[in-house]
Each structure stands twice: as structure tokens, then as C-alpha cells.
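Here is a model to walk through together, from the overall fold down to one helix. Have a look at it first.

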Amino acid sequence: MQSIQFDYSKLKGKIKEVCGTQDALASKIGLGRVTLSQRLNNQSNFSQDEIARMTQALNISNEDIPIYFFTTIV
């Protein structure tokens, strides 16, 4: 069974807008830059804790979490 692939393009744009780089965000939330890259490239999944830390760092409202983290690639 194929795993679900998520579209993180909106999230990547928000990272660039708020933090400038993925490395800057990774450092800000205490996540390795390679780990963040793997998550954004669908090589592994975000944990609930990582999503919570990212939404706080990026000022993403709870209502907008599905838009940034759960939009699937069709």
C-alpha cells in the first residue's frame, strides 16, 4: 500500500516568509535541518509535537493547520 504524500508548498512559503530559511526554522524549533528537510520532502512524517512547535514559530492558527500540514498530493 502506498503512503499518503502531502503537499507542503504552502508551508515552505510560510517558512520562507517568517524565518527566511528552513535551517533557521529548524534551529528555532530544536529540530535538525536534515530531519526538517526529510519531513518537507515526504520521506518521514511530522509528529504532533513538531507540528505544534512549527505552528507557534510560524504564527499559524489552529484552524489553518490542515491547510499547511494535511493537504494531500492528488
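This is a predicted model: local features need pLDDT of at least 70, side-chain atom pairs count only at pLDDT 80 or more; totals for chains, interfaces and linings use all residues.

Residues are numbered from 1 along each chain as its sequence is written, and side-chain values use heavy atoms, with hydrogens and water left out.

The chain has five helices and zero strands, where helices (H or I, at least four residues) and strands (E, at least two) are DSSP runs numbered from the N terminus. With 74 residues, a compact globule would have a radius of gyration near 11 Å, and the chain agrees with its 12 Å; that radius is taken over C-alpha atoms, and the globule rule is 2.2 Å times the number of residues to the power 0.38. The C-alpha trace spans about 35 × 25 × 20 Å along its principal axes.

Buried residues make up 34% of the 74; buried means under 20% relative accessible area, exposed over 50%, and partly exposed in between (1.4 Å probe, protein chains only).

Now for helix 2, residues 22-29: Leu-25, Ala-26 and Ile-29 are buried there. Down the helix axis they fall within an arc of 100°, so they line one face (the arc is that of the directions from the axis to the C-beta atoms). These buried residues pack against helix 1 (9-19), helix 3 (33-40) and helix 4 (48-58), with contact meaning heavy atoms within 4.5 Å. Turned away from that buried side are the exposed Ser-27 and Lys-28. Just after helix 2, Gly-30 takes a positive phi of about 75°.
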